Amino acid sequence: MIPLEYEKISSIINEKSSVLDLGCGKGDLLQYLIKTKNINGQGIEINEDAIFSCVEKGLTVFHSDIEKGLDAYPDNSFDYVIIYNTLQQIKNVDTMIEECFRIGQKLIIAFPNFAQISSRKSLMLGHSPVTKHLPYTWYNSPNIRFFTIEDFADFCKNKRYEILDKFFFAIKKRITFLPNLFAYTAVFVIKRK
Amino acid sequence: MNKKDIFHFDYLLLKSGKKLENIDIAYETYGQLNADKSNAILLEHAFSGNAHASKLNENDEPGWWDNMIGENKAFDTNKYFIICSNILGGCGGSTGPASINPKTGKEYALAFPVITVEDIVAAQKKLIDFLGISKLLSVVGGSMGGMQVLQWMISYPDSILSAVPISTAMKHSPQQIAFNEVGRQAIMSDSDWNNGNYYQKNEPKTGLALARMIGHITYMSDKSMEAKFSRKLKDKEYAFNVGTNPEFEVEGYLRYKGSSFVKRFDANSYLYITKAMDYFDVSGKNFTIKSKNKNLKSLVIAFKSDWLYPPYQTENIARHLKLQGYDATYCEIKSSYGHDSFLLETEDETKLIKGFLKSVEKGALK
């Protein structure tokens, strides 16, 4: 089944856009965007098995740590740089985002919302949240950052990034009412002012 | 369907400015060239390889990339026409220092002109032209074969649709030159080498075998040597003797590899080919692909345990291509076999190359 986030991302990008997917995993999103929008897509991924899946799908991928891989691209290479479910694993978030704006016009950033009500409940009860979108336990999580929709909006404000669009999702539906409380995931489209 | 042949042409103007005449290029082909000649893939052999990449028939000797070539393999002979030729300067049927110099009627020896990777690839281009192929679907090779792949991208970018350089570098580092130099010194310090004039006499077997032994150490890894030999002895106990018999398994292995190499390789070829590798430098501005066609795709593969051609060197190729706006995929495969991985990890390579070739064909149809 196609995640709602994929459909939304596909709906906002233009036909034949050039797209870089950071942490593209097995390349499912790239493949979906190629199918729906005939994009010219590429990915960066660190996991070897995932890289194999990508190449078997015929995708162009760079086997590298995201933060080390970006300097392999010239300025303004892409219409969109997608950071899908990856930002929470990045060490130097602000320098990486600046680097993304060097190589791409717009950024599409999708991330799990740490302030969703079930996470809040877990914390209230004294436990680190383990949810569908934050599925790891504290000792095996690859995530090193835990942030919320409000946090990300503040970040954009401080960095003077313009928010072109934002979408919020619960499981299988869009959320418009109190997203920081009810949305499991968020998708922001931002650009430099 | 498979065949073995020699392509002959009159001369080649070399990078050194010299002219080499009366040239033979030995080659083999597997599979069938299609009607519009669009399914040809050129395989580039490594330093000590030859045109025999795969068995020509069931009873044939194994080739150097047998597991990759054949029906339903990475280079599927049901779909593709595979070409592999012995390099210029080699000793596997192509013209090299052991060939007869038409001017003297004797072997060239050191009168053979110095050749470069550019010259090697120029000779291959003539073969491809002769076969009537205007665009290769891909050029693929590891190690020195990878250097030839890079040279194809630079010299003839409009004659290839894609490229697969494996375990290779844009230039030799001092460490790589140093290993080559030790090999050359081993040969030249053998008195039988006789300034290259050993044909019809005693060949410099000791020196050539020693060069090969050193080479073999650089092709393996600490881990693969531990797995293969550990400290195993040929006898039960130490002999307490510094004599000539190999005691450790690894000693026996290296001597065996050395002595079997001298039966199939020419010492002067060793000198010329290692020199061609050391001269090769397409780093920086030298790696400029002069083509309007930005669709040239590449798959760049490295192996983690390769310390002779460390992955960073191979990764730099992919970075360089991307910075020039070319579509390059880079994969670094886990493997413990060291530099030899590109000949041994054929299962992983098969997955990658199959997927890649499919996407190249798809792109070509667009």
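Predicted model: local features only at pLDDT ≥ 70, side-chain atom pairs only at ≥ 80, totals over all residues.
Reader: Thanks! Which side chain does K3(B) meet in a salt bridge?
Author: The bridge of K3(B) has an N to O distance of 3.6 Å, and the cut-off is within 4 Å. The partner of K3(B) is D5(B).

Reader: Which residues do salt bridges that share partners join into one network?
Author: Happy to walk you through this one. One member, E315(B), is found in helix α8 of chain B, residues 311–323. Salt bridges with shared partners make one network of D71(A), E315(B) and R319(B).

Reader: Is E315(B) buried or exposed?
Author: The relative accessibility of E315(B) is 15%. A residue under 20% is called buried. E315(B) therefore counts as buried.

Reader: Which residues does E315(B) touch, not counting residues up to four places away in sequence?
Author: A contact needs heavy atoms within 4.5 Å. With residues up to four places away in sequence set aside, E315(B) touches F62(A), Y330(B) and E332(B).

Reader: How many salt bridges does a search of the whole structure find?
Author: As a general point, side chains of opposite charge can pair when their charged atoms come close. The search runs over all chains, and its total is 15.

Reader: Which parts of chain A does the pair R102(A) and D75(A) tie together?
Author: The side chains of R102(A) and D75(A) form a salt bridge of 2.7 Å, N to O. R102(A) lies in helix α5 (residues 93–103) and D75(A) in a loop, so the pair ties together parts that are 27 residues apart in sequence. As for cover, R102(A) is partly exposed at 22%. The parts tied together are helix α5 and the loop between α4 and β4.

Reader: How many residues apart are D94(A) and K159(A)?
Author: These two side chains meet in a salt bridge of 3.4 Å, N to O. D94(A) sits in helix α5, while K159(A) is in the loop between α7 and β6, and the pair links distant parts of the chain. Both count as partly exposed, with D94(A) at 36% and K159(A) at 34%. Along chain A, their separation is 65 residues.

Reader: What is the radius of gyration of chain A?
Author: Chain A has eight helices and eight strands. For its 193 residues the globule rule gives 16 Å, and the chain's own value is close to that, so chain A is as compact as a globular protein of that length. Its radius of gyration is 16 Å.

Reader: And what is the radius of gyration of chain B?
Author: Here we find 10 helices and 10 strands. The globule rule gives 21 Å for 366 residues, and chain B comes close to that, so chain B is as compact as a globular protein of that length. The radius of gyration of chain B is 21 Å.

Reader: What share of the 366 residues of chain B count as buried?
Author: To count as buried, a residue must be under 20% relative accessible area. For chain A, buried residues make up 50% of the 193. For chain B, the share is 56%.

Notes
Residues numbered from 1 in each chain as written. Chains lettered and ligands numbered in written order. Heavy atoms only, no water. Helix = DSSP H or I, 4+ residues; strand = E, 2+ residues; numbered from the N terminus. Buried < 20%, exposed > 50% of the residue type's maximum accessible area, 1.4 Å probe, protein only. Rg over C-alpha atoms; globule rule 2.2 N^0.38 Å.
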